[in-house]
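Thanks for coming, everyone. Please have the sequence and the model open while I talk through a few places in it.

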Amino acid sequence: MSSEPIIRVRDVAYPRLQVPDLDLMESYLLDFGMKRAERRPGVLYMRGVGPAPYVHVIHEGPAAFLGFAYQAAARDDLERLAAEEGFSPVTPLNAPGGGWRTATRDATGLEIEVVHGIAPRASTEDRSPRPLNMGEAFQRLGAPQRVAAGPSRIKRFGHLALNVREPAAALAWHHARFGLIASDRINLAPGMPVALFTRCDRGDEPADHHTILFASDMASGGVPGLNHLSWEVCDIDDVLLGRDHMASKGRSHEWGVGRHLLGSQVFDYWRDPWGHIHEHWTDGDQFDASIPPGDHPIDMAAVSQWGPNMPSTFGRTIPPQTA
Ligand SMILES: [Fe+2]
């Protein structure tokens, strides 16, 4: 990753899915822990409890993953991209909170937006982690822990995983434009990664261990596209509480609860009615740009530190078996 990227993004902002029934999707996402931000003809905006006015955009139409948005650090970064071949001019973002966007398409036709200036929500719900009594660090002396049943509190859109033909080529493409850098590589052979965990380069400021996981499409029958979408929740109770809530609503469970090895998150995965995988996670690694990439053998691909093994269906968009 020696070449200088056009810009260095700060994060991702939201993904765009398309499904044939927005009511059904809204009901699923409410159970998952989101709240309706706004509904317009043919498009649904869902938010979490944090300042972002929306963390998921869903369009009406045949089921498909349409793309996602990166957050730029400055408006000038959008202009810098728009001057490059393949990017659209900078235009206003016609969505809650406004802002500005430019967009391009990757080799598989996914639309990749880069946004800036989306106004935060005026007021947010409580997103503080529940105080814990751990070891000798007692945070709630004299106060019982009481956790009300209900859906998870969704803090933010955290990352996504894409099935791609060549993970190294995909990272090179995203590095050159958006500045992503490698955190960990799972290698089929030296220099042949089948999974590349990549993060935003914020210099001295820590960033999530992965913002995009590029996974080889070998596991998805050579079909590129969405592997999974992932939202950070406020604390560990929100992972387990959310699991109970989703189960009580008869939602389709995919994998979890466990703790990942690479990235270390406590995770739980669910499927929407069309089979897209949505993840809850908390307690992920934070790396600044100085931490070099790690290399790992392929037999670590499915490893969790605890929790169930990865199911063979994971990472592919397939409709749930249950009605
Ligand atoms: Fe994930």
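This is a predicted model: local features need pLDDT of at least 70, side-chain atom pairs count only at pLDDT 80 or more; totals for chains, interfaces and linings use all residues.

Let me begin with Gly33, which is buried because 25 other C-beta atoms lie within 10 Å; here a residue is buried if 20 or more other C-beta atoms lie within 10 Å of its own, exposed if 12 or fewer, and partly exposed in between, with C-beta atoms placed from the backbone. Residues are numbered from 1 along each chain as its sequence is written.

Gly33 sits in the loop between helix H1 (22-32) and strand S2 (35-40), where helices (H or I, at least four residues) and strands (E, at least two) are DSSP runs, numbered from the N terminus. Setting aside its neighbours within four places in sequence, Gly33 is in contact with Pro151, Ser152, Arg153, Ile154, Val233 and Gly242, contact meaning that the two C-beta atoms, placed from the backbone, lie within 7 Å.

That brings us to strand S11 (residues 154-164), of which 11 of the 11 residues are buried, so the strand is largely enclosed by the rest of the structure. S11 pairs with strand S16 (residues 225-233) in the antiparallel sense over 8 bridges, where two strands pair if DSSP finds at least two bridges between them, and Arg156 stands opposite Glu232 in S16. With strand S15 (residues 212-216), S11 runs parallel and is joined by 5 bridges, and there Asn163 stands opposite Ala215.

Now to the open sheet of 8 strands, whose order is S2-S3-S4-S1-S5-S8-S7-S6, with mixed pairing. Which strands stand at the edges? They are S2 and strand S6 (91-92), each with a single partner strand, so one side of each is left without a neighbour in the sheet. S6 pairs with strand S7 (residues 100-105) in the antiparallel sense over 2 bridges, with Pro92 opposite Trp100 in S7.

Finally, some backbone geometry. Most residues other than glycine have a negative phi, and most peptide bonds are trans. The peptide bond from Gly256 to Val257, however, is cis, with omega near -10°, and Val257 lies in strand S17 (residues 252-260). Ser264, in the loop between S17 and strand S18 (266-271), has a positive phi of about 70° although it is not a glycine. Asp283, in the loop between strand S19 (277-282) and strand S20 (286-287), has a positive phi of about 60°, and Asp283 counts as partly exposed, with 17 C-beta neighbours inside 10 Å.
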